[in-house]
Amino acid sequence: MVQEYGLFIGGKWRKSEGKRFETHNPATGETLATFPLATKEELNESVRHAKGAFERWKKTPAPRRGELLLEAARIFRRKKEELARTVTTEMGKVIAEGRGDVQEVIDFYEYAAGEGRRMFGETVPSELPNKMCLTTRLPVGPVGLITPWNFPMAIPAWKSGAALIAGCSFVLKPSSLTPLCAARFVEVLDEAGFPAGVVNLVTGTGSVVGDGLVAHPDIRAISFTGGVDTGKHVYESAAKKMIKVGLELGGKNPIIAMDDANLELLMDGVMFGAFGTAGQRCTAASRLIVHQKIYDDVVDELVERAEKLRIGNPIDEKTDMGPVASADQQKKVLEYIDIGKKEDDKLLTGGAKLTGGSYDRGFFISPTVFAVDRKKRLALEEIFGPVLSVLKAKDYEDAVAIANSVKYGLSSSIYTNDLRWAFRAMHELEAGITYVNAPTIGAEVQLPFGGTKETGPTDTREAGSTALEEFTYWKTVYVDYSGRLQRAQIDTEKLAGS
Ligand code: UN1
């Protein structure tokens, strides 16, 4: 039976006045559940609840807030397998990665829970006697979280975990491709016992719910992960309100393969980086930049390995790569494959929709590798699918110049055994993340995650010790216990002379 979900507002699942949409399994076409397209009034209602709850939640001591996050982490751990199956069934990543998605939720909720007992500020000496100066973080208010389908539990967890521990209430608007994952996620938070109104889930369109959240006067920060075009739109609207905005946008992440690289290690990394999650990670390795000396060997090995991948239903443990997430996604990736063919990029393997038998029910594309010239669209634009562009570089400098020639700057990687190349790459690659001898994917939650250039123009970073930045502002406090007026910059001169 197809389950009908409502909206989660003010601690209750509620019916909606809006029309409904379905969510499907991208491997089989099966309908999984239906969800409301929330109306503007319903969105406003959710913000009203978030606002009311914020007043109490911000006064709850942060270590107490942390206990609830820890309780949620325990429930996520207990339900890991069931939730992983929901991720795989609704989004299409292979089950091992579905488990990884949920593990990232557990990891981050545990990490954020601990932050409740840290959240460090600074104490700084005053220039005047009997005066103390310190900084402390305060929550910005109710926030809006707009999340994508590719990590349908992990990304809502990064955003909500940081918001909650900071003392913010939130309204989550998930991608319309993965509302079931979001609903299951919110069910756990409800079970963990967050006060009514702190956690709200509103499904619906980008124009009503997404835009409505960004523009709502009571929403004080927006955290958005998704495409660059939508990200720019969110950034502009948020700027009009002068609110905080965290943006994690696209990537065209390079792996540089130097001529001294361990080839076996390199190939393992490239396969995982390029075809893991069917290439649908912001961090996916979509360019392999190879030193000319090893280019032919790398290309041969790559084609051989890509052709051995088992493509099929991602719930089957033996499957290496599942479908892409939707018909639109499949169309977009196939359009890029056509662009490659039209621009005379050399198709080395794949390059087609998979058809016949059970493939016809889902959105399958064969793992695709193109040899691409550095100025071509396939070398520069994000594809978000199982398509890898291989480029040839003359030497280290040339490889880095190619790597930095795109508008994005999320993740990057270099395979080399030479410390000099490795250390130079750490400094010279224009990206928020650089891996040495590992692929571009696989960020851990206790470190900052984010990019530079058009990947994320703001200075926020998700996860790690920086996660709080998106949801807090700094308060600087001066306490003068001298009992008289002491004027900074003025009375200090007297002191120096006395
Ligand atoms: C994303 O693709 O938006 O580093 C997130 C990784 C994962 C997170 C990716 N831990 O690949």
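Which residue in β14 does I255 stand opposite? In this predicted model, local features need pLDDT of at least 70 and side-chain atom pairs count only at pLDDT 80 or more, whereas totals for chains, interfaces and linings use all residues. Residues are numbered from 1 along each chain as its sequence is written, and side-chain values use heavy atoms, with hydrogens and water left out.

I255 stands opposite L288 in β14. Strands β13 (residues 253-257) and β14 (residues 285-291) pair in the parallel sense over 5 bridges; strands pair if DSSP finds at least two bridges between them. Helices (H or I, at least four residues) and strands (E, at least two) are DSSP runs, numbered from the N terminus. An open sheet of 7 strands has the order β15-β16-β17-β14-β13-β18-β19, with mixed pairing. Its edge strands, each pairing on one side only, are β15 (346-349) and β19 (433-436). On average, neighbouring strands of this sheet are turned by 25 degrees against each other, direction ignored.

Helix α14 (residues 419-428) lies across β18 (411-415) and β19, and runs at about 170 degrees to β19. Angles run from 0 to 180 degrees between N-to-C directions, and axes are lines fitted to C-alpha atoms, for helices over the stretch in contact.

Helices α9 (residues 263-275) and α10 (residues 295-308) pack at an angle of about 50 degrees, their axes 11 Å apart. α9 is therefore oblique to α10 (angles under 35 degrees count as roughly parallel, over 145 as roughly antiparallel, 65 to 115 as roughly perpendicular and the rest as oblique). In contact (heavy atoms within 4.5 Å), the α9 residues include L263, L266 and F275, and those of α10 include V298, L302 and R305.
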